[in-house]
Amino acid sequence: MKKTISEKILGRHSGREVSAGEIVIADIDFAMGHDGTSVLNIEAFHRMDGEQVYAADRTIMVIDHGAPSPAEGVSAQHQIMRTFAKEQGLRLYDIGEGICHQLVLERGHVVPGDLVVGSDSHTCTYGALNAFATGVGSTDLAAVMLTGKLWLRVPETIQLRLRGTLPPVVCAKDLILYLIGDIGAAGANYATVEYVGEAVTSLSMESRFVLTNMAIEMGAKAGLMESDTRALEWIGAHSNKRPQPVYADADAVYREVREYDVTNLEPQVAKPHAVDEVSPVGEVEGTEIQQAFLGTCTGGRMEDLRLAVETLAGRRVHPDVRFIVAPASKRILLQAMQEGIVQALMEAGAAVITPGCGPCVGSHGGVPADGENVISTANRNFKGRMGNSKAFIYLASPATVAASALEGRICDPRKYGG
């Protein structure tokens, strides 16, 4: 049949067989907006003379970017969202519930075979569940809210075959930074990036979400993985929806196939101000930092918090470093409290803040000063990303961030674990 996962999912949702490059009008299974975009979605919906959201049970809004509100203008936007959600019967996750991408996953909104859109570029995270998920503009999301459909161009697929097993202390974040550094920020423009191989199947679901989340940082339209036993077990534990896994044909046609052996991969760091400006940690080791941030949709899950505590191992954060920790959701925060992780982090000198996106996008909760260096588990380090265009952001794994917080400078985390 020669079909990729993307071609099969988009064909199923448009009611015909399709190939890369074709334009389709597809039925959307699930849609999401957050407080950084939802007011624009709502305004566009009204401009289209919208009266009722097409599928209120399959559309959610999340307040996570400015949560709790840091300013009166943000509060006004939140009020618009709450009013609209109540009028339309939409599920709204309010302040403190967590980051939109974590909530969509842990609350079981998406399953294999789904076609999903969100007015956030990292919506591609859900591709780890074998769903075609992509970010769209506010007007596009409004059209989905109005009609339940959207036009899309079927993307070509780049397959990344990942062999071997990651070494101790080296994380999925190191792997995805390495891949982005090799492929480049525009190397996968409008393509689907499909991750395959034993290096993928050996990863936890939390780690797989990191790989698909950052497909957009290569320019990709979506990141995708096939369903396996681990993924289906994860779905069974989190969702009541029926999964419809989709697998690529053996003779599927790919735009490009790249192979990587991860066996000897070192911890990686993305340097300011580009996600594809990547080097092994040794090349930037010794760079002084003033702030470390553990959180976001690529670094605030349970395995990330556990790894940070293991790295800290009862030590104290360097006195010149502000170590900010934002769990990805309320459920994660509560579990971390039950496991003693929050106490361990705070005793080490960390400041644990409300689950959400604040420091990552620079809306509040840790804006750096002029000239300061920050090491972060976030997915972007563009100039001004954390709220100050005169600061410098380095991206790294939870282990590297925690180790660097201890030393007050970027360092190789392998000296603290094995």
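Let me start with β3 and β4, which in this predicted model pair in the parallel sense over three bridges, and where Val-62 stands opposite Tyr-93 in β4. These two strands belong to an open sheet of five strands, which runs in the order β4-β3-β2-β5-β6 with parallel pairing. At its edges are β4, residues 91-93, and β6, residues 132-135, each of which pairs on one side only. If we ignore direction, neighbouring strands of this sheet are turned by 20 degrees against each other on average. Helix α5, residues 138-147, packs on the sheet and touches β2, β3 and β5, and the direction of α5 makes about 135 degrees with that of β2.

Now to a pair of helices. Two packed helices are described by the angle between their axes and the distance between the axes. For α2, residues 38-47, and α3, residues 72-88, the angle is about 50 degrees and the axes lie 9 Å apart.

Let me turn to the backbone in the loops. Most residues other than glycine have a negative phi, and most peptide bonds are trans. With that in mind, please look at the loop between β3 and α3, where Pro-68 is found, and where a cis peptide bond with omega of about -10 degrees joins Ala-67 and Pro-68. A further cis bond runs from Pro-272 to His-273, with omega near -5 degrees, and His-273 is found in the loop between β12, residues 268-270, and β13, residues 278-280.

As for phi, Thr-296 has a positive value of about 80 degrees although it is not a glycine, and its place is in the loop between β14, residues 291-295, and α10, residues 302-312. Is Thr-296 buried or exposed? With a relative accessible area of 2%, where under 20% counts as buried, Thr-296 is buried.

Technical notes
Residues numbered from 1 in each chain as written. Predicted model: local features only at pLDDT ≥ 70, side-chain atom pairs only at ≥ 80, totals over all residues. Heavy atoms only, no water. Axes fitted to C-alpha atoms, helices over the stretch in contact; angles between N-to-C directions. Helix = DSSP H or I, 4+ residues; strand = E, 2+ residues; numbered from the N terminus. Buried < 20%, exposed > 50% of the residue type's maximum accessible area, 1.4 Å probe, protein only. Pairing = 2+ DSSP bridges. Contact = heavy atoms within 4.5 Å.
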